[in-house]
Amino acid sequence: MDATDRISELPEPNLQHIMSFLVVKDVVRMRTLSKSEIWNSAWNSLSYINFGDNSKSEDTPNLVKVVDQTPANRQKHKICVQKFSILLPYWPKHKISCVGNLIRRLLAWNIEEKSCVDDWIITFVACNIKELNLRVSRPINEGIRGYNQLPEAIFNAKALNVLNLNGFKVKLSSDGIIRFSSLREFHLCDTFLDEEFIQALCTSCCNLEVLSLQCFHGLTSFQVGETSLAKLKKVN
């Protein structure tokens with residue numbers, strides 16, 4: 001049987017194209033199996049990053065470390081991030097677990113703390129991210145399910161084309177400005193929507209074509225004026 005590692009012989013752009021369809025844990029496995037340095041080079045400059053569903057992953061602590069390093073590394077090498085996707089679980093405070101501590105550190109359920117998600121978004125905005133898919137399980141406090149605070153830095157993502165949020169409280173930023181000038185698709189699921197945010201969205205996102213609202217709370221209704229969201233084609 002021919003044991004030649006033919007995949008590692010591919011040009012780096014071809015290898016990156018393959019990696020863009022894989023979740024990160026599978027990319028890591030392939031890097032481990034190959035002795036070629038091209039895998040490290042391809043990963044470090046990969047602009048499509050999918051961490052997948054980590055809600056039941058036994059490797060969550062290791063994945064968290066990789067997630068922490070990924071945005072900063074892309075910014076350091078001035079790499080434009082095309083797409084970033086991740087689903088993070090909620091870990092109750094009474095559950096003693098190193099994984100739970102890591103996840104709570106990432107999300108900083110204590111509003112006074114700055115979460116690592118804030119840092120990710122700030123860095124990805126600097127990397128001109130094009131598509132962001134961020135799903136976070138909602139926290140439960142004394143039997144009541146709440147919402148995660150959405151970092152305000154996201155509203156500065158001028159290059160963002162697609163935004164998919166799940167599990168957040170979405171409200172207008174403190175300066176009242178949304179800079180989603182390039183946003184074409186906005187998908188919100190299991191979120192709490194602030195009416196002022198929706199009003200600002202209608203007047204600020206002139207290129208929005210698709211707006212999807214599913215399982216949301218807070219907002220009862222909204223109207224789109226004749227001059228607002230002129231390019232809107234689909235509302236779910």
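Biologist: Over the face of which residue does K169 lie, and at what distance from the ring centre?

Modeller: A charge counts as sitting over a ring if NZ of Lys or CZ of Arg is within 6 Å of the ring centre and within 35 degrees of the ring normal. Here K169 lies over the face of F192, at 5.5 Å from the ring centre, and the charged end of R74 sits over the ring of W43, 4.9 Å from its centre. Please keep in mind that this is a predicted model, in which local features need pLDDT of at least 70 and side-chain atom pairs count only at pLDDT 80 or more, while totals for chains, interfaces and linings use all residues. Residues are numbered from 1 along each chain as its sequence is written, and side-chain values use heavy atoms, with hydrogens and water left out.

Biologist: How many aromatic pairs does a search of the whole structure find?

Modeller: A pair of aromatic rings is described by the distance of the centres and the angle of the planes. Rings of Phe, Tyr and Trp (its six-membered ring) pair if their centres lie within 6.5 Å, and planes under 30 degrees apart count as stacked, over 60 as edge-to-face and the rest as tilted. The search of the whole structure finds seven such pairs. In one of them, the centres of the F84 and F124 rings are 4.6 Å apart and the planes stand at 40 degrees, so the pair is tilted. This pair links distant parts of the chain, since F84 belongs to strand β2 (residues 83–88) and F124 to helix α6 (residues 116–126), 40 residues apart; helices (H or I, at least four residues) and strands (E, at least two) are DSSP runs, numbered from the N terminus.

Biologist: Are F84 and F124 buried or exposed?

Modeller: Buried means under 20% relative accessible area, exposed over 50%, and partly exposed in between (1.4 Å probe, protein chains only). F84 has a relative accessible area of 1% and is therefore buried, and F124, with 2%, is buried as well. Another pair joins F155 and F180, whose ring centres are 5.9 Å apart with planes at 45 degrees, so this pair is tilted. Both F155 and F180 are buried, and ring pairs link F155, F180, F186 and F197 into a cluster.

Biologist: Against which strands do the buried residues of α7 pack?

Modeller: Contact means heavy atoms within 4.5 Å. In helix α7 (residues 195–204), the buried residues include F197, I198 and L201, and the buried residues of this helix pack against β8 (168–170), β9, β10 and β11 (210–214).
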